[in-house]
Amino acid sequence: MRQYMYIVQASLEPVKCKIGRTENLQRRLKEYNALTGKSKDNIYRYLFTCEVKDAGQVEKDLKKKFLNLREEKSKKIYFYHSSLFKDYVVFIKAHESFLKEIFLKSETPKVKVVKKTTPTLEARGISRKDLLQKARKVKNDEFYTRYEDIEKEIGIYDKNIWHSKTVFCNCDDPVDNDEKRTSAFALYFLRNFENLKLKKLICTHYSKGVDLFNAGGKAYVFTKDGFTERHERKDFPAGFSGSFDDPLSLKILREEADIVCTNPPFSKAKEYWKILMESGKKFLIISNQINAVTPAYIPYFIAGKVWAGYNRVDWFLNPKKEIVKASGYWFTNFSVKDRPKYKNLKILKLKEIPEHYKRFDDAHTLIVDHNYIPEDYEKPFAVSVYPIVSGILEKGYRIIQDTQYFPYINGKRCFGRALIQKI
Ligand SMILES: C[S@@+](CC[C@H](N)C(=O)[O-])C[C@H]1O[C@@H](n2cnc3c(N)ncnc32)[C@H](O)[C@@H]1O
């Protein structure tokens with residue numbers, strides 16, 4: 001008797017797929033569709049089928065490999081996401097029992113990734129100040145983190161920080177109803193759940209943004225016993241928005257989360273930061289690097305409670321999957337060792353710093369730019385965000401003012417800096 005493995009999906013359940021075994025593929029599909037006979041709209045179709053030698057063994061090994069991705073109550077149901085689906089197929093095809101592929105759904109054509117080149121400010125006829133003012137007004141939150149940037153940063157930390165921990169991704173839809181908006185954070189932790197020895201992963205679907213499926217706010221919870229969907233009606237009182245500041249998200253943050261990891265909406269950076277800081281939780285998040293010299297962040301830098309992570313993040317994906325530039329940086333309260341960015345700091349005697357990069361403002365405060373730092377200057381001086389994220393506060397300097405310092409030169413206000421001083 002021939003043995004087959006299959007992956008099947010119901011059209012009205014895009015978050016799930018079933019992985020099973022049968023001796024008759026046609027009959028099995030009929031059985032599935034008979035189950036939903038009353039609903040003509042909910043049609044099951046195969047996504048993948050293949051012949052194997054020992055289907056029982058493949059099934060057993062699949063369960064072991066993807067333990068966090070099975071639905072908690074029905075072990076045949078797996079979490080569906082196009083990248084995870086590919087992982088399932090790759091696993092089955094690499095299994096020693098695999099004989100031959102029979103069917104694999106064709107890929108939906110990918111949107112081309114176009115690198116957007118940003119014209120220079122000069123070419124656009126605008127000043128830096130115009131741009132900053134405009135940027136403040138633009139509330140474009142749909143900048144998605146690239147998988148490789150998450151992998152690059154998380155890969156540097158000691159793996160033990162994740163051991164038996166609950167990770168909360170509170171601005172991260174794990175579902176790819178609309179693949180363009182799926183969070184790579186969710187995908188990263190789903191794929192590395194076992195490797196990092198996580199206890200639990202909770203990802204929220206925010207319903208007030210672009211919610212094509214009117215799904216309402218949801219939270220997806222993954223443990224080694226499988227996944228569950230917490231949603232309105234069943235688990236939450238009506239009105240759960242999935243927002244990071246929804247009372248129920250705050251409850252998850254307070255009562256369940258050990259580590260928060262996400263790239264929150266840039267336009268709500270201040271509100272997000274306040275909630276995160278008040279929670280006292282460990283975190284690893286992406287934020288606009290300029291935030292490190294804003295009043296919301298500075299006090300925490302002064303207190304030595306937060307610092308920059310290892311990497312900057314310059315490129316994001318917009319919903320069209322185009323690569324767009326933005327100045328992101330990782331921020332964390334996990335220990336950062338041998339910071340590679342120290343090499344950017346140019347700590348020299350004041351007289352050795354090129355004239356071009358040092359000047360005094362109208363209040364006679366020294367301003368140094370371009371990562372130059374005077375080692376023999378005892379008074380406070382102003383620096384941009386770059387030395388802060390490159391680790392100058394770990395090199396014998398401290399921030400001495402808990403608000404931004406705005407230098408004036410010939411009466412003209414310059415962009416905000418941090419006022420630092422040699423200890
Ligand atoms: C900068 S994007 C990053 C998305 C994802 N974390 C990533 O790294 O790719 C911010 C996301 O937060 C969502 N968002 C906006 N306001 C939110 C809120 N109040 N609570 C939770 N998510 C929110 C946006 O719709 C957007 O998908």
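Predicted model: local features only at pLDDT ≥ 70, side-chain atom pairs only at ≥ 80, totals over all residues.
In strand β9, tyrosine 220 is the bridge partner of cysteine 203.

**Strands β8, β9 and β10**

Strand β8 covers residues 200-205 and strand β9 covers residues 218-223; the two run antiparallel and are paired over 6 bridges. On to strand β10 (residues 226-231), β9 is again joined by 6 bridges in the antiparallel sense. Within this second pairing, alanine 219 stands opposite arginine 230. β9 and β10 form a hairpin, with 2 residues between them. Strands of a sheet pair through backbone hydrogen bonds, and the pairing may be parallel or antiparallel.

The loop between β8 and β9 contains glycine 217. Is glycine 217 buried or exposed? Glycine 217 counts as buried because it has 22 C-beta neighbours inside 10 Å, and the cut-off for a buried residue is 20 or more.

Arginine 359 has isoleucine 367 of β17 as its bridge partner.

| Strands | Residues | Bridges |
|---|---|---|
| β8 and β9 | 200-205 and 218-223 | 6 bridges |
| β9 and β10 | β10: 226-231 | 6 bridges |

**Helix α3 and its two sides**

Helix α3 (residues 82-94) has 13 residues and reaches 18 Å from its first C-alpha to its last, close to the 18 Å expected at 1.5 Å a residue. Phe85, Tyr88 and Ile92 are buried in this helix. Why do they lie on the same side of α3? They cover an arc of only 55° around the axis, and therefore they share one side of the helix. An α-helix has 3.6 residues a turn, so residues three or four places apart point the same way. The face turned away from the buried side of α3 carries Val90 and Ala94, which are exposed. Among the elements that cover the buried residues of α3 are the strands β1 (3-10), β2 (16-22) and β3 (44-52), together with helix α2 (55-65).

**The core and the whole protein**

The largest nonpolar core has 90 residues, and those that touch the most other members are Tyr78, Phe189, Leu201, Cys261, Ile388 and Ala418. Helix α7 (residues 184-191) gives the most to this core, namely 6 residues. Leaving aside neighbours within four places in sequence, leucine 201 is in contact with Val167, Phe189, Leu190, Phe193 and Phe222. In soluble globular proteins, nonpolar side chains tend to be buried together.

The secondary structure of the protein comes to 11 helices and 23 strands. Of its 423 residues, 32% count as buried. Among contacts with a separation of 6 or more, 65% are between residues 24 or more positions apart.

How values were computed:
Residues numbered from 1 in each chain as written. Pairing = 2+ DSSP bridges. Helix = DSSP H or I, 4+ residues; strand = E, 2+ residues; numbered from the N terminus. Expected span 1.5 Å × (residues − 1). Buried ≥ 20, exposed ≤ 12 C-beta atoms within 10 Å, placed from the backbone. Arc of directions from axis to C-beta. Contact = placed C-beta atoms within 7 Å. Core = buried A, V, L, I, M, F, W, Y, C linked by C-beta atoms within 7 Å.
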